[in-house]
Amino acid sequence: MTPKPARGARFPVQLEQTVPRSPASGPQTLRPQAPLHQAARDAAQRHQPSGLGMDSAAVRHALVQRLRREFHCHDAVCRAMLSVPRHQFVDSALATQAYEDTSLPIGLGQTISKPSVVARMLSLLHEGGQARRSGSLGRVLEIGTGCGYQTALLGQMATRVLSVERLKPLHDKARANLGAQRAGHIRLVYGDGRIGHPPNAPYDSIIAAAGGDDLPPAWLEQLADGGRLVAPMQGPSRGGQVLLVVDRQGEELRRAVHEAVHFVPLKSGIE
Ligand code: SAH
């Protein structure tokens with residue numbers, strides 16, 4: 001059984017720190033000090049990883065290696081995925097699956113996307129003109145905060161992140177998951193992301209985690225010159241969703257359709 005991650009210690013925390021157990025009760029006998037190498041070996045044995053909280057860095061590393069190998073995950077994305085503990089963003093009962101390449105439920109019928117899809121979308125975002133030149137995603141608009149995992153990744157790769165969520169319980173959950181670190185350059189907004197967030201526009205990077213029949217015009221209006229948008233959208237054949245990339249060059253918008261994907265629907269209004 002995986003221990004529930006400490007509620008007060010949300011991202012980013014030094015999870016891998018092992019906490020020495022208190023010495024077994026009973027009379028303490030004084031022993032002569034062991035040689036240094038012996039003491040180090042004993043300490044290592046005492047602090048063997050015993051749960052996900054202890055060895056999450058290792059499983060996270062293995063997942064990222066795989067994303068690098070099989071999905072050509074961009075370096076900056078891999079770095080962010082290495083440092084953000086995905087298991088802290090899902091229910092503790094699902095934490096053991098957090099480093100498998102699988103989507104997981106986050107409540108209210110919504111899901112956290114599978115890591116390879118997140119890596120793919122963020123890599124595409126990072127290959128946009130402005131991001132490629134500057135090495136940063138710049139000012140980001142995210143639609144569909146969900147549990148806040150991708151928001152945390154964006155926080156590592158951008159100068160500012162504004163993330164909109166239409167379901168209040170998920171907006172609150174993300175706020176709790178991101179903890180105090182949200183203050184500063186990450187801002188969470190409870191609202192309908194179909195209208196984007198005009199007060200902070202324009203955005204160098206726009207990413208959506210929910211797909212609709214069309215691309216809301218507001219997103220394109222709020223995309224900065226040289227900026228890139230990555231979003232799932234209903235494909236032309238109505239057979240399913242595809243990943244859409246839009247680049248803005250001045251008044252020109254260039255669209256490219258990529259592979260089939262499967263995201264939750266982009267809905268209107270707030271709940
Ligand atoms: N990347 C997220 C995935 C969340 S799933 C994560 O890491 O958890 C997609 C989210 O989009 C859901 O939480 C859903 O409520 C939200 N969503 C759907 N339509 C929306 C809209 N119009 N505005 C804002 N959020 C929306």
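This report describes the sheet, the nonpolar cores and the cysteines of a predicted model.

**The sheet**

Seven strands form an open sheet with mixed pairing, in the order E5-E4-E3-E6-E8-E9-E10. Strands E5 (186-190) and E10 (252-261) stand at its edges; each has a single partner strand, so one side of each is left without a neighbour in the sheet. From one strand to the next, the twist averages 15°. Strands of a sheet pair through backbone hydrogen bonds, in either a parallel or an antiparallel sense. Strand E4 (residues 160-165) pairs with E5 in the parallel sense, over five bridges. Within this part of the sheet, Val161 has Ile186 of E5 as its bridge partner.

Helix H4 (residues 115-126) lies across E6 (203-208), E8 (223-234), E9 (241-249) and E10, and runs at about 155° to E8.

**The nonpolar cores**

The largest nonpolar core has 47 residues, and Leu122, Leu137 and Leu154 are among those with the most contacts inside it. Several elements, including helices H2 (52-71) and H3 (75-83) and strand E9, each supply at least two residues of this core. Its largest share, six residues, comes from H4. Leu137 touches residues that include Leu125, His126, Leu154 and Asp204, not counting those up to four places away in sequence. A second, separate core of 20 residues includes Val189, Tyr203, Leu215 and Trp219.

**The cysteines**

The structure holds zero disulfides.

| Residue | Relative accessible area |
|---|---|
| Cys73 | 7% |
| Cys78 | 0% |

Cys73 is buried because its relative accessible area of 7% is under 20%. Cys78, with 0%, is buried as well.

Methods:
Residues are numbered from 1 along each chain as its sequence is written. This is a predicted model: local features need pLDDT of at least 70, side-chain atom pairs count only at pLDDT 80 or more; totals for chains, interfaces and linings use all residues. Side-chain values use heavy atoms; hydrogens and water are left out. A disulfide is a pair of cysteine sulfur atoms within 2.5 Å. Buried means under 20% relative accessible area, exposed over 50%, partly exposed in between (1.4 Å probe, protein chains only). Two strands pair if DSSP finds at least two bridges between them. Helices (H or I, at least four residues) and strands (E, at least two) are DSSP runs, numbered from the N terminus. Axes are lines fitted to C-alpha atoms, for helices over the stretch in contact, and angles run from 0 to 180 degrees between N-to-C directions. Contact means heavy atoms within 4.5 Å. A nonpolar core is a set of buried Ala, Val, Leu, Ile, Met, Phe, Trp, Tyr and Cys residues joined through side-chain atoms within 4.5 Å.
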